[in-house]
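Please read it alongside the sequence and the coordinates.

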Amino acid sequence: MYIGLGVQAVPRYEGAAGHRNAILPVLQVAWSNGLFVSGMSAGMHWSSSPSVEYGPLIALAPGRDASGNRLFRLATAGDSGADGSPPTTWLPSTGIGEGPVDSHPVDENVPQSIEASNNRLEGMATIGRRVVYGGFANVYVARQWRLTGNVLYGAGNDRRGLRAVLSIQHLAQQLAPHHALSLSAGVSLVNRAYNQAYFGVTEYEAGHTMNLRHAPDGGLQDVRVAARWNWALSPSWMLTTGMQASRLLGDAKRSPLVERATNLSASSALAYRF
């Protein structure tokens with residue numbers, strides 16, 4: 001079990017030019033029966049093989065309002081989760097609705113530049129957070145290399161969005177005593193419902209916002225690379241720092257909601273191991 005606290009800087013939403021800084025809690029728990037909690041996802045290892053891992057997985061899909069993704073992110077302290085890339089989970093604001101909104105109240109915690117009339121999310125439908133479900137599979141191709149994948153279904157207001165993440169990871173390379181570096185690279189694939197939920201603009205929304213109508217298809221959504229540095233300060237305390245760069249592709253990149261196709265995020269937290 002790891003618990004901890006730190007800070008993070010992440011985009012307002014996928015494709016946003018602006019960033020937000022926030023507190024970063026850390027949570028990672030694994031039980032001997034295979035059940036685990038990794039950030040804001042949870043699952044269970046069904047395999048008894050040391051080189052293959054698979055099982056069910058549940059998580060939270062992003063919610064979004066006019067100020068962007070209401071962010072609450074739980075990180076992990078290592079790579080024992082179903083997906084070793086930095087876990088991302090979003091909590092939207094409390095005013096979750098199913099349809100477009102014509103106005104958005106000023107949020108005192110959001111810079112006024114975000115609330116300005118050039119905000120591309122102003123007037124777009126609020127997306128509620130959703131519990132998504134599916135499964136994961138990891139295959140170790142060498143002692144420190146593994147292929148990972150997960151598929152999760154149920155995102156978006158219609159709960160039909162599907163997203164699959166495939167990646168390759170190099171695990172816990174010892175740089176020096178007490179210092180380890182993990183690297184990963186991967187791609188995300190989505191169905192049409194997922195892309196429409198987060199990157200589409202309906203005819204109604206186009207008539208009530210500054211955005212042109214956009215009806216994206218499914219396919220490759222992004223590519224990403226990530227690195228995580230763990231510094232073992234003692235047998236119980238660890239400083240974990242992660243960075244990720246992602247680039248939108250295809251119809252997601254062409255969305256009028258996208259301000260910047262390449263996004264960067266970073267986090268650092270102090271974690272205690274029980």
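1. E14 is partly exposed, at a relative accessible area of 24%; buried denotes under 20%, exposed over 50%, and partly exposed the range in between (1.4 Å probe, protein chains only). E14 forms a salt bridge with R163, with 3.4 Å between the closest N and O atoms. E14 sits in the loop between β1 (2-11) and β2 (19-30), whereas R163 belongs to strand β8, so the pair ties together parts 149 residues apart in sequence. R163 itself is buried, with a relative accessible area of 18%.

2. This is a predicted model, in which local features need pLDDT of at least 70 and side-chain atom pairs count only at pLDDT 80 or more, while totals for chains, interfaces and linings use all residues. Residues are numbered from 1 along each chain as its sequence is written, and side-chain values use heavy atoms, with hydrogens and water left out.

3. The protein has four helices and twelve strands; these are DSSP runs numbered from the N terminus, helices being H or I of at least four residues and strands E of at least two. Of its 274 residues, 47% are buried.

4. Strand β8 (residues 161-176) runs antiparallel to β7 (residues 145-155), with ten bridges joining them; strands pair if DSSP finds at least two bridges between them. V151 stands opposite A164 in β8. The hairpin of β7 and β8 has five residues between its strands, and G156 there takes a positive phi near 90°.

5. β8 is also joined to β9 (residues 179-190), by eleven bridges in an antiparallel arrangement. A176 has H179 in β9 as its bridge partner. Two residues lie between the strands of this hairpin, and H178 in the turn has a positive phi of about 80°.

6. Eight salt bridges are counted, the criterion being a side-chain nitrogen of Lys or Arg within 4 Å of a carboxyl oxygen of Asp or Glu. One of them joins R160 and D158 at 3.1 Å, N to O. R160 is partly exposed, with a relative accessible area of 46%, and D158 is likewise partly exposed, at 39%.

7. D217 and R192 meet in a salt bridge at 2.9 Å, N to O. D217 lies in the loop between α3 (203-208) and β10 (219-232) and R192 in helix α2 (residues 192-199), so this pair ties together parts 25 residues apart in sequence. D217 is partly exposed, at 36% relative accessible area, whereas R192 is exposed, at 55%. Elsewhere, salt bridges that share partners join E14, R163, D222 and R224 into one network.
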